[in-house]
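Subject: Structure handover

Hello,

Here is the structure, with notes on the metal site and the cavities below.

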Amino acid sequence: MDLVVRNASLPDGRRQIDIAIDQGRIAAVGERLAVNAAREIDAEGDLVTPPFVDAHFHMDATLSYGLPRVNRSGTLLEGISLWGELKPELTQDALIERAMQYCDWAVARGLLAIRSHVDICDDRLLAVEALLEVRRRVAPYLDLQLVAFPQDGILRSPTALANLKRAIGMGVDVVGGIPHFERTMAEGAASVRLLCEFAAERGLRVDMHCDESDDPMSRHIETLAFETQRLGLQGRVAGSHLTSMHSMDNYYVSKLLPLIAESGVAAIANPLINITLQGRHDSYPKRRGMTRVPELLAAGVDVAFGHDCVMDPWYGLGSGDMLEVAHMGLHVAQMTGQEAMHQCFLAVTETPARILGLEDYGIAPGCHADLVLLDAGSTVEAIRLRAARRMVIRRGQVVSESPRSRATLHLPGRPAATAFRLER
Ligand SMILES: [Zn+2]
């Protein structure tokens with residue numbers, strides 16, 4: 001064996017587990033494995049998880065914070081006008097450099113798979129070319145999946161459809177959309193039909209920005225579920241944001257939830273951004289705006305949490321930490337029950353892996369040897385502490401290391417240090 005990780009706790013609750021790795025894959029998982037390996041890592045009882053997965057991101061805008069100026073008001077509207085000022089100034093080299101830097105942060109956070117939308121409404125398709133280059137460069141250590149995203153509307157923008165087809169032809173993986181931004185409800189529904197038919201024809205996955213609005217009448221998720229079922233796209237379609245569901249009439253939602261579940265459409269909430277941008281037209285009470293996460297889960301729908309933005313015109317915070325995303329999602333959705341907190345961890349690991357269609361993901365024999373050793377004993381403690389990533393392993397190789405979180409104390413009669421973990 002090349003490597004064995006000993007005495008790990010696993011996300012499913014198993015403890016004192018050894019994981020043997022050979023030639024980039026997991027060879028065996030069990031208690032006290034009798035194997036010799038070139039290298040041994042002692043997890044010391046800490047949590048070892050498959051890597052974090054971000055189901056929703058915008059890598060073409062990331063780390064552009066302050067270019068050409070900062071978003072003073074912190075609002076969506078100023079963010080959109082800022083993006084408009086920045087777009088003509090973008091160069092491919094600078095975009096690649098920022099994306100590569102973000103991928104460094106991601107790896108250091110144990111985030112080894114990202115689905116990024118890329119704006120295809122610029123006729124030069126400069127961002128598409130740049131992110132295809134980034135995808136090629138990071139492939140040895142990070143899976144980058146790209147979504148052709150018509151930011152200005154596939155029907156509303158005169159060149160968007162042709163650009164989207166070109167982007168897919170160049171190698172972009174997934175068909176995107178933004179039905180609530182089309183000119184009318186009918187045009188929004190038409191855009192969903194058109195894009196789903198295109199995806200079905202080409203055998204592609206679909207991920208739309210869908211109903212990112214506080215308007216309770218924004219019901220494009222209904223059309224997305226219907227078209228998914230009609231075209232046999234079950235398990236390959238995701239609705240991102242779905243924030244209008246927060247504001248919808250409860251009776252209508254009681255009809256909608258089973259339709260979504262039946263269609264096999266997954267939901268992707270973006271807690272950091274949804275709690276920041278939604279409800280902005282409200283006085284008090286102020287809506288939270290995140291979609292109905294516990295209710296979707298209870299209906300049997302896959303729900304993932306995405307980061308959406310890091311240091312871009314819309315959001316000046318973030319560092320690629322999916323535990324911060326899970327932490328916010330847990331709070332906004334009030335998912336404080338034991339099982340619910342664990343589900344928030346799955347929403348940034350297993351569930352998005354399934355939505356992206358990642359192959360051989362997990363901790364079982366035959367899976368890729370992609371692992372993260374956390375400075376925490378359980379999934380809930382990992383979220384509580386936004387735990388340090390002691391080690392990040394990709395295909396059996398250690399690609400990043402961080403020290404445990406520990407503070408030295410200078411207090412009379414108290415211990416010399418604390419690690420923020422309950423000692424029992
Ligand atoms: Zn987005």
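What spacing do the donors of the zinc ion follow along the chain? They follow H-x1-H-x150-H-x98-D, where donors are N, O and S atoms within 2.8 Å of the metal (3.2 Å for Na, K and Ca) and water is not among the atoms, so sites may look incomplete.

This is a predicted model: local features need pLDDT of at least 70, side-chain atom pairs count only at pLDDT 80 or more, and totals for chains, interfaces and linings use all residues. Residues are numbered from 1 along each chain as its sequence is written, and side-chain values use heavy atoms, without hydrogens and water.

Zinc site

The protein donors are His 56 (NE2), His 58 (NE2), His 209 (NE2) and Asp 308 (OD), 2.1 to 2.7 Å from the zinc ion.

Cavities

A cavity is a set of points, on a 1 Å grid over the protein atoms alone, where a 1.4 Å probe fits but cannot get out; lining residues have an atom within 4 Å of a point. Grid points are joined across faces, edges and corners, and a volume is the space filled by probe spheres set on the points.

There are four cavities of 30 Å³ or more. The largest has a volume of about 70 Å³, and its lining includes Asp 60, Trp 83 and Arg 124.

Regards

Technical notes
On a 1 Å grid over the protein atoms alone, a cavity is a set of points where a 1.4 Å probe fits but cannot get out, and a pocket is an open set with protein on both sides within 12 Å along at least five of seven lines; lining residues have an atom within 4 Å of a point.
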